[in-house]
Amino acid sequence: MKDYLFKLEMKVRDYECDLQGVVNNANYQRYMEHTRHEFMGTLGKNFGEMHDEGVDAFVSKVEIRYRHSLRSGDRFLSCMNLRREGVKLIFDQDIIRSSDNILAASGRIETVIVENGKLTRGDYFDKLINFQ
């Protein structure tokens, strides 16, 4: 397994599966979003507090590649790395089934920062995450 900045262990719940008995595709995006929110918590911030400060992080693009279906009861790691790309903060995220390290899904999520209603260069994340 490659190195990740942040990992979160999770478990598939029955209601997240569709008629075929596999996780519905939309839930992978939810897993990834929950992971980003938990990561922000490790930095001492949450998106509600940021909003109250006039700072909003918006997802501007999501790409998810589905590779192997998870099923009810599967435990998995939701893993992420991040990097800057111009004004965007890019989250590279993987969902890996814990029992055999099979890659279930991989995603690239682009986010931007809006401060007081104006698109910024993303300096807020630079301060928070210590980008050079």
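A residue is called buried here when its relative accessible area is under 20%, exposed when that value is over 50%, and partly exposed in between. The model to which this scale is applied is a predicted one.

The protein chain contains 3 helices and 6 strands. Followed along the sequence, these elements give the pattern β-α-α-β-β-β-β-β-α. Along the principal axes, the C-alpha atoms of the protein chain fill a box of roughly 45 × 30 × 25 Å. A compact globule of 132 residues would have a radius of gyration near 14 Å, and the 16 Å of the protein chain agrees with this.

Of the 132 residues of the protein chain, 41% count as buried. Among contacts with a separation of 6 or more, 66% are made by residues 24 or more positions apart in the protein chain. The accessible surface of the protein chain amounts to about 7,600 Å², and carbon and sulfur atoms account for 46% of this area.

Charge is the next topic. The protein chain carries 20 positive and 21 negative side chains, and the centres of these two sets are 4 Å apart. Side chains of opposite charge can pair when their charged atoms come close. Under the criterion that a side-chain nitrogen of Lys or Arg lies within 4 Å of a carboxyl oxygen of Asp or Glu, the count comes to 13 salt bridges.

One of these salt bridges joins the side chains of Glu53 and Lys45, with an N to O distance of 2.7 Å. Glu53, at 42%, is partly exposed.

A further set of charged residues is linked through shared partners. The side chains of Glu85 and Lys88 form a salt bridge at 3.8 Å, N to O. Both residues fall in the intermediate class, because the relative accessible area of Glu85 is 31% and that of Lys88 is 23%. In another salt bridge, the side chain of Arg108 meets that of Glu110 at 2.8 Å, N to O. Glu110 counts as buried, since its relative accessibility is 8%.

Most residues other than glycine have a negative phi. Asn101 is placed in the loop between β4 (88-97) and β5 (102-115). With a relative accessibility of 52%, Asn101 counts as exposed.

Asn116 likewise has a positive phi, near 50 degrees, in a residue other than glycine. Asn116 belongs to the loop between β5 and β6 (118-119). Its relative accessibility of 63% places Asn116 in the exposed class.

Definitions and conventions: Residues are numbered from 1 along each chain as its sequence is written. This is a predicted model: local features need pLDDT of at least 70, side-chain atom pairs count only at pLDDT 80 or more; totals for chains, interfaces and linings use all residues. Side-chain values use heavy atoms; hydrogens and water are left out. Helices (H or I, at least four residues) and strands (E, at least two) are DSSP runs, numbered from the N terminus. The radius of gyration is taken over C-alpha atoms; the globule rule is 2.2 Å times the number of residues to the power 0.38. Buried means under 20% relative accessible area, exposed over 50%, partly exposed in between (1.4 Å probe, protein chains only). Contact means heavy atoms within 4.5 Å. Accessible areas come from the Shrake-Rupley method with a 1.4 Å probe; for residues, only the protein chains shown count as cover. Lys and Arg count as positive and Asp and Glu as negative; His and the chain ends are not counted. The place of a charge is taken as NZ of Lys, CZ of Arg, CG of Asp or CD of Glu.
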